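Me: I'd like to go through the labels on this model and see what stands behind each one. Can you take me through them?

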Amino acid sequence: MKQPRRKKRGLGVLQVITCLLVASAVLRLATEVGPAMANEGTDVSVEEANVPAADTGATDSLLSALQARERRMTEREAQLTARMEALRVAEEEIDQKLEQLVAAEARLSATIALADTAAESDLAQLTTVYENMKPREAADLFAQMPPRFAAGFLGLMRPDAAASIMTELDPEIAYSFSVVLAGRNADVPTE
């Protein structure tokens, strides 16, 4: 499945983290190396060199806040990566299921088509058998059939064979078959 294009929204998470790390490095260099370089030519005692500047506490606080934010961002990025992987796996499973459904539908359609063809073939063959019977014998069989069933066969037969069978039937039975035949297509819309 094709991934939708995402709009670029300012700086990305990795870029923000990189900027924060660079800022942290600059602050560290400024607080540690700066005073040492400024006092390079003077005699400074060990106690004086280790005395933190007045804003070192603020820098440490900022640094710890940035590190905490970096940890949160890293965790969030890991969660997003895991979620994206889960979505990718789910998409693959859905695609596989869809392919299986399409294949099953194709097999079912082929089976239905085969069954329809077989049923039509059987009806055509049975209709031919009735057409080739003697009209009196066929009429005796048709008299035993329900009117809708018998009318279906009569509708499939050649008109001359159907007429021969109808003349051999009892008039009431022949009439009921005629009513069914005449009303078969009454429900079909004309427009």
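Reply: Axes are lines fitted to C-alpha atoms, for helices over the stretch in contact, and angles run from 0 to 180 degrees between N-to-C directions. Helices (H or I, at least four residues) and strands (E, at least two) are DSSP runs, numbered from the N terminus. This is a predicted model, where local features need pLDDT of at least 70 and side-chain atom pairs count only at pLDDT 80 or more, while totals for chains, interfaces and linings use all residues. Residues are numbered from 1 along each chain as its sequence is written, and side-chain values use heavy atoms, with hydrogens and water left out.

Me: What does the secondary structure of the chain come to?

Reply: Seven helices and zero strands. Along the sequence that reads α-α-α-α-α-α-α.

Me: Why is α4 called roughly perpendicular to α6?

Reply: Helix α4 (residues 135-144) and helix α6 (residues 159-168) pack at about 70°, and their axes are 8 Å apart. Angles under 35 degrees count as roughly parallel, over 145 as roughly antiparallel, 65 to 115 as roughly perpendicular and the rest as oblique. So α4 is roughly perpendicular to α6.

Me: Which residues make the contact?

Reply: On α4 they are P135, R136, A138, A139 and F142, and on α6 S164, I165 and E168. Contact means heavy atoms within 4.5 Å. By class, the contact of α4 with α6 has five nonpolar, one polar and two charged residues (Ala, Val, Leu, Ile, Met, Phe, Trp, Tyr, Cys and Pro count as nonpolar, Asp, Glu, Lys and Arg as charged, and the others, Gly among them, as polar).

Me: What makes α5 roughly perpendicular to α7?

Reply: α5 and α7 pack at an angle of about 70°, with 9 Å between their axes. That angle makes α5 roughly perpendicular to α7. This crossing of α5 and α7 is right-handed. Among the residues in the contact are L154 of α5 and F177 of α7. The contact of α5 with α7 divides into seven nonpolar, two polar and one charged.

Me: How do you know that I165 is buried?

Reply: Buried means under 20% relative accessible area, exposed over 50%, and partly exposed in between (1.4 Å probe, protein chains only). I165 has a relative accessible area of 2%, so I165 is buried. Leaving out residues up to four places away in sequence, I165 touches Y130, P135, A138, A139, F142, L154 and M157.

Me: And why is A161 counted as buried?

Reply: A161, also in helix α6, is at 8% relative accessibility and therefore counts as buried. T127, in helix α3 (residues 56-132), is buried too, with a relative accessible area of 4%. Over the chain, buried residues make up 14% of the 191 residues.

Me: What is in the largest nonpolar core?

Reply: It has 15 residues, and F142, L154, M157, I165, L169 and F177 have the most contacts inside it. A nonpolar core is a set of buried Ala, Val, Leu, Ile, Met, Phe, Trp, Tyr and Cys residues joined through side-chain atoms within 4.5 Å. The elements giving two or more residues to this core are α4, α5 (147-156), α6 and α7 (171-183).

Note on methods. A crossing is left-handed if the near helix is turned anticlockwise from the far one by less than a right angle, and right-handed if clockwise.
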